[in-house]
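This report goes through one protein model, from its overall fold down to selected side chains. The sequence and the structure come first.

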Amino acid sequence: MEKHELVPHPQAASSSVKSVTATLDWSASDWLQVIWRIDGAGQIKLGPEVGPDRADDLWKTTCFELFIQPVNDDRYIELNLSPSGQWNAYLFMQYREPAGELPADMAPTCTAYRSNEDMIVTASIPTSILFGDTCSVGISAVIEEKDGATSYWALHHADEKPDFHNRACFTAKLEPPEAA
């Protein structure tokens, strides 16, 4: 497991969130686990828990995202994971060219735990919806605060406006687990 530090977009930084980190763990062959840790989470707006339902537009409020692209391939997956438990997964054929929702035989799960000023968001993603190859990964978070301010966190920002789809933001590597 490698810990990744996310940075706020300079045009949309948070006044209360101090840091966001994420770890990826694909040591089990059937599930990819991602854990985001937010320091300074006391003002984050969270909706009610809904459960593991598919939903669109999750990025319009607090949402945690992964962009997964096989090395030397234009296709990529966008996963949106909400602390409410809602999720969605989309396939793109190339930069911002959607091919629709990604079929899933099992739903990812996403849970959030907040204590005082810290929050842990844990997502478990069935690897059956992922590419089985070595991939470049973009890890990001959209964080809406109770006052309506929104900050955009990613491994890297390449544009003047937040754009998590930009391949330059896919700076983490994900290796599939070795077969047992």
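## Strand pairing: S6 and S7

Two strands count as paired if DSSP finds at least two bridges between them. Strand S6, residues 87–94, and S7 are joined by 3 bridges and run antiparallel, so the pair passes the cut-off of at least two bridges. The model is a predicted one.

One of the positions in this pairing is Tyr 90, whose bridge partner in S7 is Glu 101. The hairpin of S6 and S7 has 2 residues between the strands, and in this hairpin Arg 96 adopts a positive phi near 55°.

## Overall fold

The protein contains 12 strands and 0 helices.

Along the principal axes, the C-alpha atoms fill a box of roughly 45 × 35 × 30 Å. Buried residues make up 49% of the 180 in the protein. The accessible surface is about 8,900 Å², with 48% of it belonging to carbon and sulfur atoms. When contacts between residues at least 6 apart in sequence are taken, 61% of them join residues at least 24 apart.

## Salt bridges

The structure holds 6 salt bridges. One of them is formed by the side chains of Asp 118 and Arg 37, with an N to O distance of 3.6 Å. This pair links distant parts of the chain: Asp 118 belongs to strand S9 (residues 118–126) and Arg 37 to strand S3 (residues 31–39), and the two are 81 residues apart. Asp 118 has a relative accessibility of 25% and counts as partly exposed. Arg 37 is also partly exposed, with a relative accessible area of 43%.

Glu 101, the bridge partner of Tyr 90, forms a salt bridge with Arg 54, and the closest N and O atoms of the two are 3.5 Å apart. Here too distant parts of the chain are linked, with Glu 101 in strand S7 (residues 97–101) and Arg 54 in the loop between S3 and strand S4 (63–70), 47 residues apart. Glu 101 is partly exposed, its relative accessible area being 41%. Arg 54, at 30% relative accessibility, counts as partly exposed.

Asp 73 and Arg 75 form another salt bridge, in which the closest N and O atoms are 2.8 Å apart. Arg 75 counts as partly exposed at 29% relative accessibility.

Ser 151 is found in strand S11, residues 150–154. With a relative accessibility of 0%, Ser 151 counts as buried. The side chain of Ser 151 is joined to that of Trp 153 by a polar contact of 2.8 Å. Apart from neighbours within four places in sequence, Ser 151 is in contact with Ala 12, Ala 13, Ser 14, Ala 141, Val 142 and Ile 143.

Ser 14, one of the residues in contact with Ser 151, lies in the loop between strand S1 (2–8) and strand S2 (19–25). Is Ser 14 buried or exposed? The relative accessible area of Ser 14 is 16%, and buried means under 20%, so Ser 14 is buried. The side chain of Ser 14 makes a polar contact of 2.3 Å with the side chain of Glu 145. A polar atom of the Ser 14 side chain also lies 3.1 Å from the backbone nitrogen of Ser 16. Not counting residues up to four places away in sequence, Ser 14 touches Glu 145, Ser 151 and Trp 153.

Strand S12 (residues 172–174) contains Lys 173. The relative accessible area of Lys 173 is 51%, and Lys 173 is exposed, because exposed means over 50%.

Beyond residues up to four places away in sequence, Lys 173 touches Cys 135 and Ser 136. With Ser 136, Lys 173 makes a polar contact between side chains, at 2.9 Å. Lys 173 and Ile 68 are 105 residues apart along the chain, and their C-alpha atoms are separated by 9.2 Å.

How values were computed. Residues numbered from 1 in each chain as written. Predicted model: local features only at pLDDT ≥ 70, side-chain atom pairs only at ≥ 80, totals over all residues. Heavy atoms only, no water. Salt bridge = Lys/Arg side-chain N within 4 Å of Asp/Glu carboxyl O. Helix = DSSP H or I, 4+ residues; strand = E, 2+ residues; numbered from the N terminus. Buried < 20%, exposed > 50% of the residue type's maximum accessible area, 1.4 Å probe, protein only. Polar contact = N/O pair within 3.5 Å; in protein donor to acceptor, adjacent residues only side chain to side chain. Contact = heavy atoms within 4.5 Å. Areas by Shrake-Rupley, 256 points an atom, 1.4 Å probe, with all protein chains shown as cover.
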